[in-house]
Amino acid sequence: MTVQDIRSFNRFYTNVIGALDYGRRLYAPYTLTESRVLYELAHAPRTDAADLRTQLHLDAGYLTRILNKFEEDGLVERGPSDTDPRRRRITLTAPGREAAALLDERARETVGAMLDTVRAEDRPRLAEAMRTVRTILGDGDGDGDGDGERGAPRPEDVVLREPAPGDLGWIVQRNAALYAAEYGFDADYEALVARIVADYAEDHDPHLERTWIAELDGRPVGCVMCVRDDTPGAARLRLLLVEPDARGLGIGDRLVGALVDFARETGYREVVLWTNDILGSARRIYQRHGFVLVAEKPHHSFGQDLTGQDWRLDLHATQERRRGVEGGGAG
């Protein structure tokens with residue numbers, strides 16, 4: 001292989017994906033770099049400017065100009081980082097999320113149209129070729145020796161996105177399979193999940209309700225739903241799940257964090273959830289985000305003797321505590 005071979009491939013692929021055609025509907029009215037910044041912000045809701053600059057390998061001044069433009073257009077808000085007051089946290093506003101969602105929808109349509117031209121029997125070869133390029137040219141082998149052996153996935157390899165066609169069915173299937181394998185739940189649990197997902201698919205308000213899919217290497221590995229509760233002003237967290245082989249990457253924490261941020265920005269007063277005491281990892285995530293156990297009761301469901309638990313997060317109280325920390329106030 002020569003340098004010219006790689007340059008020739010680069011020219012071919014940039015033409016395939018239209019990376020240089022800024023007049024296309026795909027990116028308008030943004031440049032490719034601006035679109036990528038919006039994408040990263042949409043999939044990592046609590047990104048610091050420094051992390052964003054490092055992740056995208058952007059010049060600090062160039063990124064600042066992009067963020068200034070986005071702020072002037074009402075697409076982003078900047079504030080002190082939750083972890084380091086010397087850093088600036090960047091979050092998308094509601095118009096910013098809409099812009100990012102539109103760009104994501106266009107990209108999916110474009111890639112889908114491209115895949116439609118690939119024969120079904122050729123798609124596994126194409127996927128394997130793409131994985132090979134990422135493994136050899138990236139740092140996917142983990143040890144830097146170029147042996148092509150893929151290392152463990154990293155938290156930054158995971159993206160959060162809205163569900164694509166088929167993802168809601170995946171939520172039902174994986175919940176049923178995992179809870180049967182790990183806790184012995186019977187088909188009653190699958191029926192419950194199917195009803196929850198069907199209700200969401202048939203009638204949900206995208207301004208007040210949302211589903212997140214965690215994706216790793218092109219496949220879903222986690223999910224969570226935010227739906228309106230029967231109690232006025234309350235959102236309900238439902239169906240948090242992380243695949244066993246993707247645990248340890250902070251996916252559950254990111255999913256719950258994205259949901260809490262969305263609920264707060266949407267104007268909910270509180271987030272509530274129901275779970276069972278055997279789900280220890282999930283409960284620890286809820287506690288880290290400020291949820292408080294308010295009630296528990298034994299019950300027999302899904303073929304098992306369980307203890308159900310109700311948890312609640314007061315969004316107004318946690319917001320006031322956050323303001324006190326950012327402002328240096330005493331408790």
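Analyst: Seven strands make an open sheet of mixed pairing, ordered β4-β5-β6-β7-β8-β10-β9. Strands here are DSSP runs of E with at least two residues, helices are runs of H or I with at least four, and both are numbered from the N terminus. Two strands count as paired if DSSP finds at least two bridges between them. This is a predicted model: local features need pLDDT of at least 70 and side-chain atom pairs pLDDT 80 or more, while totals for chains, interfaces and linings use all residues. Residues are numbered from 1 along each chain as its sequence is written, and side-chain values use heavy atoms, with hydrogens and water left out.

User: Which strands stand at the edges of that sheet?

Analyst: β4 (158-161) and β9 do; each has a single partner strand, so one side of each lacks a neighbour in the sheet. From one strand to the next the twist averages 20 degrees. Axes are lines fitted to C-alpha atoms, for helices over the stretch in contact, and angles run from 0 to 180 degrees between N-to-C directions.

User: How many bridges join β9 to β10?

Analyst: Nine, and β9 (residues 292-301) and β10 run antiparallel. Their hairpin has two residues between the strands, and F302 takes a positive phi near 60 degrees there. V292 has R312 in β10 as its bridge partner.

User: And what is the bridge partner of V272 in β10?

Analyst: Also R312. β8 pairs with β10 (residues 304-314) in the antiparallel sense, over seven bridges.

User: Is β7 to β8 parallel or antiparallel?

Analyst: β7 and β8 run parallel, joined by three bridges. A235 stands opposite V271 in β8.

User: What does α10 lie across?

Analyst: α10 lies across β7, β8 and β10, at about 160 degrees to β8. Contact means heavy atoms within 4.5 Å.

User: Switching to the other sheet. What's the strand order?

Analyst: The order is β1-β3-β2, an open sheet of three strands with antiparallel pairing. β1 (47-48) and β2 (76-80) are its edge strands, each pairing on one side only. Five bridges join β2 to β3 (residues 88-92), and E77 stands opposite T91 in β3.

User: Which strands does α4 touch?

Analyst: Helix α4 (residues 60-72) packs on the sheet and touches β2 and β3, with its direction at about 115 degrees to that of β2. Helix α2 (residues 32-43) lies across β1, β2 and β3, at about 95 degrees to β3.

User: Now the second largest pocket. What volume does it have?

Analyst: About 780 Å³. A pocket is an open set of points on a 1 Å grid over the protein atoms alone, where a 1.4 Å probe fits, with protein on both sides within 12 Å along at least five of seven lines; lining residues have an atom within 4 Å of a point. Grid points are joined across faces, edges and corners, and the volume is the space filled by probe spheres set on them.

User: How do Y179 and Y183 sit?

Analyst: Their ring centres are 5.6 Å apart and the planes are at 40 degrees, so the pair is tilted. Rings of Phe, Tyr and Trp (its six-membered ring) pair if their centres lie within 6.5 Å; planes under 30 degrees apart count as stacked, over 60 as edge-to-face and the rest as tilted. Y179 and Y183 are four residues apart in helix α7, so about one helical turn separates them.
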